[in-house]
Amino acid sequence: MVKCPKCGNEVIAPVKTWTVSPRRPAEGAAKLMGIFECPSCKARFRTAVKLEEKAEETVSIKNMVERIKVIKGELMQTLKNLREKIKTLETERANLMVEIEKLKKAAESRVSALESEVNMLREEVKSLRELLGYTEEKEK
Ligand SMILES: [Zn+2]
């Protein structure tokens, strides 16, 4: 990671890298140079790349953090959708319960209507028997 010479912002990874071999062995090992672009001020600058592996590690960690953020966002969306679905289903269940209650009441009133009709018919049968001279005792 290097600092932008213009604004001091930290730049994580180089845009381009190349190796510079020393002219003489006394100058030390080959250097890795890189072109960096500042993400905040867009300034481009050239500098030696230090701890390149570490920079890559930071990049992959940053990518991972971004990925986790995306996954978290997706999960939040899924959770939101599920909550909405649950809400819809709960409303539907409540409506169905009302419908069932209505049907139950309708069935109950039908049953009581039939019961009173049956009772009326029984009364009619009883009075007809009396008219014809049949008694309850004879019936048994
Ligand atoms: Zn900058």
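Two strands count as paired when DSSP finds at least two bridges between them. Keep that in mind, since bridges come up throughout this talk.

Good morning, everyone. What you see above is a predicted model.

First, the overall picture. The protein chain has two helices and five strands. What is their order from the N terminus on? The elements run β-β-β-β-β-α-α. So much for the parts list.

Now the dimensions. A compact globule of 140 residues would have a radius of gyration near 14 Å. The protein chain has 44 Å. Along the principal axes, the C-alpha atoms fill a box of roughly 140 × 30 × 15 Å. How much of the chain is buried? Buried residues make up 3% of the 140 residues. Contacts are the next item. Take those between residues at least 6 apart in sequence: 43% of them join residues at least 24 apart.

On to the sheet. This is an open sheet of three strands, and the order is S3-S4-S5. The pairing is antiparallel. Which strands sit at the edges? They are S3, residues 16–20, and S5, residues 44–48. Each of these two pairs on one side only. Neighbouring strands in this sheet are turned by 20° against each other on average, direction ignored.

Five bridges join S3 to S4, and the two strands run antiparallel. Lys16 has Ile35 of S4 as its bridge partner. Trp18 has Met33 of S4. Is S3 buried or in the open? Of its five residues, the number buried is zero, so S3 lies largely in the open.

Next, the other side of S4. Strand S4 covers residues 31–37. Five bridges join S4 to S5, again in an antiparallel arrangement. Glu37 is bridged to Arg44 in S5. Phe36 is bridged to Phe45 in S5. Ile35 stands opposite Arg46 in S5.

Last stop, the hairpin. S4 and S5 form a hairpin with six residues between the strands. Which residue in this hairpin takes a positive phi? That is Lys42, in the loop between S4 and S5. Its phi is about 65°, although Lys42 is not a glycine. Why is Lys42 called exposed? Lys42 has 10 of them within 10 Å, so Lys42 is exposed.

To recap. The predicted chain has a radius of gyration of 44 Å. An open sheet runs S3-S4-S5. Lys42 lies in the loop that links S4 and S5. Thank you.

Key
Residues are numbered from 1 along each chain as its sequence is written. This is a predicted model: local features need pLDDT of at least 70, side-chain atom pairs count only at pLDDT 80 or more; totals for chains, interfaces and linings use all residues. Helices (H or I, at least four residues) and strands (E, at least two) are DSSP runs, numbered from the N terminus. Axes are lines fitted to C-alpha atoms, for helices over the stretch in contact, and angles run from 0 to 180 degrees between N-to-C directions. A residue is buried if 20 or more other C-beta atoms lie within 10 Å of its own, exposed if 12 or fewer, and partly exposed in between; C-beta atoms are placed from the backbone. The radius of gyration is taken over C-alpha atoms; the globule rule is 2.2 Å times the number of residues to the power 0.38. Two residues are in contact if their C-beta atoms, placed from the backbone, lie within 7 Å.
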